[in-house]
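Good morning, and thank you for coming. I shall present one protein model today, and I ask you to keep its sequence and structure in view while I speak.

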Amino acid sequence: QGQLKIAVAAMAARCCLAARFHRVHGANVRLDASRTRATRVESFANGLCFSQEPLAPGQIFLVEIEEKEVGWCGHLRVGLTAHDPQSLEVVPEYSLPDLVNMGDTWVFAITRSHNRVAVDGEEAPARSRGLPWEPFLLVEQVRIPRDTLVGRSRPGRYSHILDDLYRMNVLPATARRSRIGVLYTLQPDGTADMHIVINGEDMGPSARGLPAARPLYAVVDVFASTKSVRVIPVEYGFPSLQTLCRLVIQKHIVHRLAIDGLDLPPPLKSFCKHE
């Protein structure tokens with residue numbers, strides 16, 4: 001039991017470190033003081049970002065799209081790389097094709113039906129949808145609390161409608177407030193499969209045969225119409241009592257503005273509205 005607690009604490013510390021951006025990034029990126037928000041301040045390129053630490057197997061690197069910029073074609077790109085960002089002499093202008101052409105990098109532009117791979121002539125594996133109210137998303141043997149993975153609108157008159165659209169993945173994958181994550185899962189042959197998750201939906205393996213023995217960093221390319229993204233920390237394990245309370249409260253109200261009229265402490269109201 002003592003060893004289990006130590007392992008859980010180590011995983012939590014690792015997740016905390018990885019839930020921010022690396023100091024090394026593209027020339028047009030500006031990070032906030034916490035290194036959890038990345039904004040491309042000019043042009044449409046040079047927006048490459050990396051996770052602060054390599055990811056552990058099954059550990060998702062999750063970002064939320066905070067700002068969009070009209071006038072550009074193309075959207076957010078995410079993936080994994082075996083290159084240590086600190087070792088890059090120059091951060092490439094683009095993830096596609098520049099960083100990918102360096103090898104040991106797997107990056108995809110985010111779309112609803114993007115790049116799912118099959119095994120030797122088999123049809124592409126089905127996406128793991130599950131029901132939007134199920135508490136966990138299962139990605140092979142990895143179980144992730146779904147509540148954190150799904151985007152939410154800002155509290156407002158129509159937020160109950162928009163929230164349902166996020167949960168059902170009706171909105172475009174690159175809509176504002178969408179949450180997009182990347183992780184890898186270990187395979188029996190010692191390699192890894194990369195998965196991309198959009199608003200709580202596993203899109204299936206995007207790449208296979210990744211070198212699991214090497215450190216793998218998350219790649220986030222704040223490209224073109226995506227202007228700013230924010231890292232969302234993900235806590236693994238059972239949902240907290242606070243999260244369960246939020247789910248019950250949200251289930252029994254018309255929309256989140258109604259939370260203001262409830263006899264609840266202000267911090268709990270704010271948490272229930274997910275501000």
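Let me begin with a question: is Arg 37 buried, partly exposed or exposed? Arg 37 is partly exposed, with a relative accessible area of 27%. Buried means under 20% relative accessible area, exposed means over 50%, and partly exposed lies in between, with a 1.4 Å probe and protein chains only.

Some conventions come next. This is a predicted model, in which local features need pLDDT of at least 70 and side-chain atom pairs count only at pLDDT 80 or more, while totals for chains, interfaces and linings use all residues. Residues are numbered from 1 along each chain as its sequence is written, and side-chain values use heavy atoms, with hydrogens and water left out. Helices (H or I, at least four residues) and strands (E, at least two) are DSSP runs, numbered from the N terminus.

I now turn to the salt bridges. The term requires a side-chain nitrogen of Lys or Arg within 4 Å of a carboxyl oxygen of Asp or Glu. The structure holds 11 of them. In one, Arg 37 meets Glu 67, and the closest N and O atoms are 2.5 Å apart. This pair links distant parts of the chain, for Glu 67 belongs to strand E4 (residues 61-68) and Arg 37 to strand E2 (residues 37-40), 30 residues apart. Glu 67 is also partly exposed, at a relative accessible area of 32%.

A second salt bridge joins Arg 177 to Glu 64, with 3.5 Å between the closest N and O atoms. Arg 177 lies in the loop between H4 and strand E9 (179-186) and Glu 64 in strand E4, so this pair ties together parts that are 113 residues apart in sequence. Here both partners, Arg 177 and Glu 64, are buried. The two salt bridges belong to a network that links Arg 37, Glu 64, Glu 66, Glu 67, Arg 177, Arg 179 and Arg 230.

Let us move to helix H4. Which residues of helix H4 are buried? Helix H4 spans residues 159-167, and its buried residues are Ser 159, Asp 163 and Tyr 166. They lie on the same side of H4, because they cover an arc of only 55° around the axis. That arc is taken from the directions from the helix axis to the C-beta atoms. As a general rule, an α-helix has 3.6 residues a turn, so residues three or four places apart point the same way.

Because they are 3 residues apart in the helix, Arg 167 and Asp 164 are separated by about one helical turn. Both count as partly exposed: Arg 167 has 34% relative accessibility, and Asp 164 has 38%. Just after H4, Asn 169 takes a positive phi of about 60°.

The next topic is a sheet. It is an open sheet of 4 strands in the order E3-E12-E5-E6, with antiparallel pairing. Two strands pair if DSSP finds at least two bridges between them. The edge strands, each pairing on one side only, are E3 (48-50) and E6 (105-109). E3 and strand E12 (residues 217-221) pair over 3 bridges in the antiparallel sense, and Cys 49 stands opposite Val 220 in E12.

Finally, I come to the aromatic rings. Rings of Phe, Tyr and Trp (its six-membered ring) pair if their centres lie within 6.5 Å; planes under 30 degrees apart count as stacked, over 60 as edge-to-face and the rest as tilted. By this rule the count comes to 5 aromatic pairs. One of them is the tilted pair of Phe 44 and Trp 72, at 4.9 Å centre to centre and 40° between the planes. Phe 44 lies in the loop between E2 and E3, and Trp 72 in the loop between E4 and strand E5 (77-81), 28 residues apart. Tyr 94 and Phe 223 form an edge-to-face pair, at 6.2 Å centre to centre and 75° between the planes. Tyr 94 and Phe 223 are both buried. Phe 44, Trp 72, Tyr 94 and Phe 223 form one aromatic cluster.

A charge also sits over Phe 223: Arg 77 lies over its face, at 3.9 Å from the ring centre. The term applies if NZ of Lys or CZ of Arg is within 6 Å of the ring centre and within 35 degrees of the ring normal. Thank you for your attention.
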